[in-house]
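Visitor: I'd like a walk through this structure, one feature at a time. Could you give me the general idea each time and then the case at hand?

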Amino acid sequence: MDWGKRLEKPDSQIISIISIFVITLLAKIMILHWIMGVRQYFIHAALMNFVTLTALYLLFLFLFPGRYLKAFWWVHLVVTGLIFVNTVYFSHFFTLVPVGSVFQVGQLGGVSESIFALMRPLYFLYFADTICLRIWVNKKKRKENSLSLYEEKPRRNGIYALAFISLSVALVGATQLIAFSTEGNLRPANLGMINYHIYDAFRITRPAPIVDPDQAEEAVQAIETEEADRRYEGLLEGRNIIVILAESLQTFPMEHQLGGQDITPVLNDLTNQETLYFSNFYEQVGWGNTSDSEFVIHNGFYPSTTTFSYQAYEGNDFYTLPMHLKKHGYSTMAFHGNDPDFWSRKSAYPGQGIDQFYSSDEFDMNEVIGLGLSDYELYKQSIPWLKETPEPFYAFYITLTCHHPFILPEQYQWLDLPAEYDDTYLGHYLQSVHYMDQQIGYFLNLLKEEGLYDDSAIIIYGDHQGVDMRNVEIEEQVSRFIGKPYEEDEMFRVPLMIHVPGSDIGEEITLAGGQIDFFPTIANLIGDPLDPGAVLGQDLLNIKEGFVAKQVHVSAGSFIDNENIFIMSPEGLYDNSRAWNYKTGEPVSLEETRKGYERALAEITLSEYVMENNLIGRVQEHGLGGILDNIRFLLELGK
Ligand code: GP9
Ligand code: MN
């Protein structure tokens, strides 16, 4: 027998087969990259993903020498599924699906309405070649039994293994090069789909990076709090505190009318009386959306960069606003008309200091809109529970009706929309915001009727954006509505108002602040300010300089201060970033924003280090400065 010939034929055949699978997949990945706006690293990301796919196919050839054709096809199907899921996810979140979202699979049923609203029939075309390949594979398998040839060639398999290892080494090298050129900013837009997923998975398994203690020191020092003459200290002392998390509420609907109608008449009224209104306040959520906004306001630390914070920091020790209030005799509870396990709230709340959680297990789910109980029923049914709770209490309401895709039953669409808003995303959103506003009004009346209003403070804040400027259609609609280009500064801006019935206060605070500042601000208001260095937020009523660091839904390092906004480029290249004065719209030089960028990164890295290493106990004792001393000591030991 001529072994030479026998070995050559299947080898060239294998190479052609692998090429067909790899090239068809790569073409689709490149389409996704284009949709994602990958430009600077387009060729680079394509090449790197090509190498990864080839290595993957070699691995499967090595693992399944006797069934490689079938295995190849399954790989094709799974990777195509990933491309499909990422395309849908990107159309809403404008990034790739985080690997950490595997912990959220159980929640998919709950958000099915949102998912279906995002699907486009066109996306299913991704599967066209996968179906053709299946027909081809079936035919080929019937025609020749090429598999047996490979079972006779273990030595050759060794060559494939060697090729696999070499490609993997090349990939690690190429990734290092990108890390070098982007100062370590490995992102979907510079690694591409597959390589980013691999990097993301690798990141989850690794310990949190150690922050540069000197850089972090500057950040910690910048979180200044004025000690003397604290404004509003103790204003809320002894009052019940009712916090309403207003789902998807941004600030702009409060500031504009539609055909002479206020979108949020109740909230607008509130801002004018007995209220501290923070009109330059920003969301800081991570992968956990609503739940991360809860996490940030209650903890004064940043959300996890890998998955939703209740999952990422499960089992940690925390020191939270509800705990701080409990020291002052408060009862603590939360109300949310949804599955208690959504975002792992049920298991997370005890550790967050929330003692009672009323969810769909307790509520009568007699009016479900979208994801859960209507806001109207949420407020109405909660009153008896509020009344039986010993005062003072902390009551945290998580509303749900104003949630993507913002489809409100006809009978609740009370705004009289001009024809051009009919059936538009913005139109639906404004109707939902208006409904939410009206229900807040209803709740305030309920509190008055039940005699709970006068002794309470009612705090309302938006958890995150509802309309995304990166969707071209939405961007156009909102720009028209607000009369200026709809950009990140407006997209991330959410309201915060602290309404104190019977007080003589009334102030609009225009200093920039973020959700991370909530805990220290409220701590001062209840008359028990936090020690300096206890959290990464600041008391917004007693500082001169606001600072809001952003991460996850925009590249980490982006930030907003009292004048400027800096948006780190998605490719991770500092020089390609954008910065402008959001008051005047004038561009700002990137030299000016470097310090803020470094501060934002230092804060986020320090926060993650503290949380991942479960160091809140130590922060309580020694402050963040103490943590930095520890890091210095560890670095010294490692030398
Ligand atoms: C679900 C609700 C969802 O309980 O919090 O809101 P989301 O996180 O999707 O904004
Ligand atoms: Mn939300």
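Visitor: In which sense do β1 and β10 pair, and over how many bridges?

Guide: Some ground rules before that. This is a predicted model, where local features need pLDDT of at least 70 and side-chain atom pairs count only at pLDDT 80 or more, while totals for chains, interfaces and linings use all residues. Residues are numbered from 1 along each chain as its sequence is written, chains are lettered from A and ligands numbered from 1 in the order in which they are written, and side-chain values use heavy atoms, with hydrogens and water left out. Helices (H or I, at least four residues) and strands (E, at least two) are DSSP runs, numbered from the N terminus, and two strands pair if DSSP finds at least two bridges between them. Here, β1 and β10 pair in the parallel sense over 5 bridges, and Ile244 has Tyr397 in β10 as its bridge partner. β1 also pairs with β11 (residues 456-462), again parallel, over 7 bridges, with Val243 bridged to Ile459.

Visitor: Which residues of β1 point each way, and are they buried or exposed?

Guide: In a regular strand the side chains alternate between the two faces of the sheet. For burial, take relative accessible area: buried is under 20%, exposed over 50%, partly exposed in between, with a 1.4 Å probe and protein chains only. In β1, Asn240, Ile242, Ile244 and Ala246 point one way, Ile241, Val243 and Leu245 the other, and all are buried. That is 7 of the 7 residues of β1 (residues 240-246), so the strand is largely enclosed by the rest of the structure.

Visitor: What is the strand order in the sheet that starts with β15?

Guide: The order is β15-β16-β17-β18, an open sheet of 4 strands with antiparallel pairing. β15 (547-549) and β18 (578-581) are the edge strands with a single partner each, so one side of each is left without a neighbour in the sheet. On average, neighbouring strands are turned by 10° against each other, direction ignored. Inside the sheet, 2 bridges join β16 (residues 559-561) to β17 (residues 564-567), and Phe559 is bridged to Phe566.

Visitor: Which helix lies across those strands?

Guide: For angles, axes are lines fitted to C-alpha atoms, for helices over the stretch in contact, and the angle runs from 0 to 180 degrees between N-to-C directions. Contact means heavy atoms within 4.5 Å. The helix is α22 (residues 590-612), lying across β15, β16, β17 and β18 and running at about 65° to β15.

Visitor: Where is His553, and what does it touch?

Guide: His553 is in the loop between β15 and β16, and counts as buried at 9% relative accessibility. Leaving out residues up to four places away in sequence, His553 touches Phe93, Val285, Gly286, Trp287, Asn289 and Arg470.

Visitor: Which residues are around ligand 1?

Guide: A residue is near a molecule if one of its heavy atoms lies within 4 Å of it. Among those around ligand 1 are Glu247, Thr290, Trp343, Leu400 and His403.

Visitor: Where is Leu400 in the chain?

Guide: Leu400 lies in the loop between β10 (393-398) and α18 (425-449), and is buried, with a relative accessible area of 5%. The C-alpha atoms of Leu400 and Glu247 are separated by 5.9 Å, though these residues are 153 residues apart along the chain.

Visitor: Which peptide bonds are cis, and what is omega?

Guide: A cis peptide bond joins Glu391 and Pro392, with omega about -5°. Another joins His404 and Pro405, with omega about 5°. Pro405 sits in the loop between β10 and α18.

Visitor: What phi does Trp343 have, and is it buried or exposed?

Guide: Trp343 has a positive phi of about 55° although it is not a glycine, and is buried at 6% relative accessible area. Asp423 also has a positive phi of about 55°, but is exposed, at 69%.
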